[in-house]
Amino acid sequence: MADNLSNVSAVEIDPEGVFKYILVRVKAKGGAGEYKDIVRGTKSAEFHNHIFEKINPDLEKLGLECNCLGGGKIEHNSNEKKIRVFGLSTGFGKADHSVTVEKLKTVFTDYKITWSDDKKQISFI
């Protein structure tokens with residue numbers, strides 16, 4: 001099962017715009033130790049739980065279980081190479097944005113990535 005865990009990408013977000021995201025802890029079913037936190041975000045989700053409902057069945061097929069740690073919003077500007085993480089999920093609560101930013105930095109290595117506890121969009125796009 002550890003192989004399945006390592007095959008799950010740490011970050012999958014839309015390439016541009018402002019959208020909802022969730023931070024999810026993934027581990028082997030019934031597994032106690034090893035886990036991986038992943039970030040998923042998309043404009044196509046009207047609510048945060050729509051993202052979770054989309055990824056959960058796919059992960060279960062791999063023998064993994066997941067738990068949503070919270071959510072928020074991402075503002076992604078690919079032209080300026082900037083990402084801002086902010087806000088919260090009404091259903092899941094606020095994700096630990098500092099953890100989300102660390103995950104994003106592993107993929108978007110040449111970006112300026114920031115986070116705040118603001119609930120509203122303060123656009124730089």
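Helices (H or I, at least four residues) and strands (E, at least two) are DSSP runs, numbered from the N terminus. By this definition the protein chain has three helices and six strands, in the order α-β-β-β-α-β-β-α-β from the N terminus on. The radius of gyration, taken over C-alpha atoms, is 14 Å, close to the 14 Å that the globule rule gives for 125 residues, so the chain is as compact as a globular protein of that length. The globule rule is 2.2 Å times the number of residues to the power 0.38.

The model is predicted: local features need pLDDT of at least 70, side-chain atom pairs count only at pLDDT 80 or more, and totals for chains, interfaces and linings use all residues. Residues are numbered from 1 along each chain as its sequence is written, and side-chain values use heavy atoms, with hydrogens and water left out.

Along its principal axes the C-alpha trace spans about 40 × 30 × 20 Å. Buried residues (under 20% relative accessible area, 1.4 Å probe, protein chains only) make up 43% of the 125 residues. Contact means heavy atoms within 4.5 Å; among contacts between residues at least 6 apart in sequence, 70% join residues at least 24 apart.

One residue carries an annotation. The UniProt "binding site" annotation, from an unreviewed entry, covers K20; UniProt positions are given in the numbering used here, feature names are shortened, and annotations may be inferred rather than shown by experiment. K20 lies in strand β2 (residues 17-28). Not counting residues up to four places away in sequence, K20 touches R40, G41, T42, A45, E46, F47, H48, I51, G72 and K73.

Methods
Buried means under 20% relative accessible area, exposed over 50%, partly exposed in between (1.4 Å probe, protein chains only).
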